[in-house]
Amino acid sequence: MLTPEFLKNQRVLFVEDEELAREKLAKLLSKLFKEVVLASNGLEGLEKYEKSKITNEKIDLIISDINMPIMNGLEMLEKIREIDTIIPLIFTTARSESENLLKAIDLNISNYIMKPIDTTILVKKITEVCEKSYFETQLQDKQKELQTYLDAVDGVALIYKMDENGVISFANKSLLLTSKYTLDELKNINFNELIHPDVTKQSIDETWEILKEGKIWTGNTKFITKYKEAFYLKNTIFKIKSNHKDEYITIGFSTTQENNEKREFQKKVIKTIQEFNKKEFTYKKLVIELNDKLKQLELYIPKLQEELEEQKAKTMSRQRQLEHYEIQMHNIDEKYQGHMTLKSKEADEYSRNVAILKQEKKILLEKNKEANIEIAATKKELDLLTKTNGEKIKRINDLNDVIKTLESRIKDLID
């Protein structure tokens, strides 16, 4: 239904040669319309209409008198109709102008009103005329909106129409781009030729059975392009009646990317499993080899423990022998000191030799300390025990020589 807001967005051209009538009616019209364009005769009205076309300031309605100087209303309308055949126009006229009205009807006027003008009737007639424009505008807006929706669907959906024999009669732009066929080419091939060979005949036959029962079929289908490339659609197919025969509309959405990604993912999974199996075989082989080495080492451990115990026993023996020699050296030192004390007064000439012996004793004690450290080290380093024992044996022999030397000297002193 026509709303005041609609009129407030309309521009009207009012053509009237009588100044008082023009100004009076213009005040009324200005309350109804967005803008009222005034003209005093047909020529001025035509010029202002033409100017509106140039400036793109659309005139939505014309209200005009018929009898005017310079150019009357009918002449003006004839010129305007050469430009615009549908713009609505209301004539204001006297009762004696019936001949003019017949001509005006031929020029497709929208309505007329008798003078003197009754503003109530004029508003009613304006409303009737503008209501038609209103509904036409609404229809155009809806058509534009519908076209927008269709364009949006056409951009994302793949649509085609076929008969019960699979003969395709229509395909939208998206399907043509995807399938690489032209519409004429599709009309010359059967629907089945669009289906990929991987799809079984049984599956196709079952789909046709569902469709011919008038049911809607929805599912995923694998298709093939003109150049034998696969593409996938999630389809909805339904039956319609057209020209007294059954036709089938298919609306599909591409799932090619999803299917390709799924296939790539499956390939990656298979490759990963193969690599895992390969690594698992390698690891199992390595574990077997390590277990074999471990068993060999376990067999070798008792032997190593036995050798360790032998080395420990030898080390203890060497330690006891070294302690025995230390005790002997201690006893000899005491004996030697006693003799030296007793003989110190008598053997001043031997003082230098005694001092030398003390120095040698000190050296022996340091060597003894070093020997103890080396013995402790041998307990931690089994692989050096043999070498260390040899050194200890050599050191013991040296000590024996020293002892023998000392005993010889003591004996000489005593004698």
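# A walk through the predicted model

Let us start with Q337, which has its place in helix α10, residues 256–344. Helices here are DSSP runs of H or I with at least four residues, strands are runs of E with at least two, and both are numbered from the N terminus. Q337 is partly exposed, with a relative accessible area of 31%; with a 1.4 Å probe and protein chains only, buried means under 20% relative accessible area, exposed means over 50%, and partly exposed lies in between.

A word on the ground rules before we go on. This is a predicted model in which local features need pLDDT of at least 70 and side-chain atom pairs count only at pLDDT 80 or more, while totals for chains, interfaces and linings use all residues. Residues are numbered from 1 along each chain as its sequence is written, and side-chain values use heavy atoms, with hydrogens and water left out.

Strand β8 covers residues 217–224 and runs antiparallel to β9, with eight bridges joining the two; strands count as paired if DSSP finds at least two bridges between them. Along this pairing, F223 stands opposite F231 in β9. The two strands form a hairpin with five residues between them, and K228 sits in that loop between β8 and β9. Phi of K228 is near 65°, a positive value in a residue other than glycine. For context, most residues other than glycine have a negative phi, and most peptide bonds are trans. K228 counts as exposed, at 65% relative accessibility.

Strand β9 also pairs with β10 (residues 245–254), in the antiparallel sense and over ten bridges. Here K241 stands opposite D246 in β10. The hairpin of β9 and β10 has two residues between the strands, and N243 takes a positive phi near 55° there. Within β9 itself, which covers residues 230–242, you will find N235. Is N235 buried or exposed? N235 is buried, with a relative accessible area of 2%. Its side chain makes a polar contact of 3.0 Å with the side chain of T221. Such a contact is a pair of N or O atoms within 3.5 Å; within protein, one must be able to donate a hydrogen and the other to accept it, and residues adjacent in sequence count only if both atoms are side-chain atoms.

Another hairpin is made by β6 and β7, with four residues between them, and G166 in the turn has a positive phi of about 85°. Strand β6 (residues 157–163) and strand β7 (residues 168–171) are antiparallel and share three bridges. Y160 has A171 in β7 as its bridge partner.

Next, follow the chain into helix α4. In the loop between β3 (61–65) and α4 lies I70, whose phi is near 65°, a positive value in a residue other than glycine. At 68% relative accessibility, I70 counts as exposed. At the start of α4, a side-chain oxygen of N72 comes to within 3.1 Å of the backbone nitrogen of L74. Helix α4 spans residues 73–83, and its buried residues are G73, L74, M76, L77, I80 and R81. Seen down the axis of α4, these buried residues fall within an arc of 150°, so they line one face of the helix; the arc is that of the directions from the helix axis to the C-beta atoms. An α-helix has 3.6 residues a turn, so residues three or four places apart point the same way.

Two further spots deserve a look. F91 has its place in strand β4, residues 89–93, and is buried, with a relative accessible area of 0%. F91 and I63 are 28 residues apart in sequence, and their C-alpha atoms are 5.9 Å apart in space. The loop between β5 (111–114) and α6 holds P116, and the peptide bond from K115 to P116 is cis, with omega near -5°.
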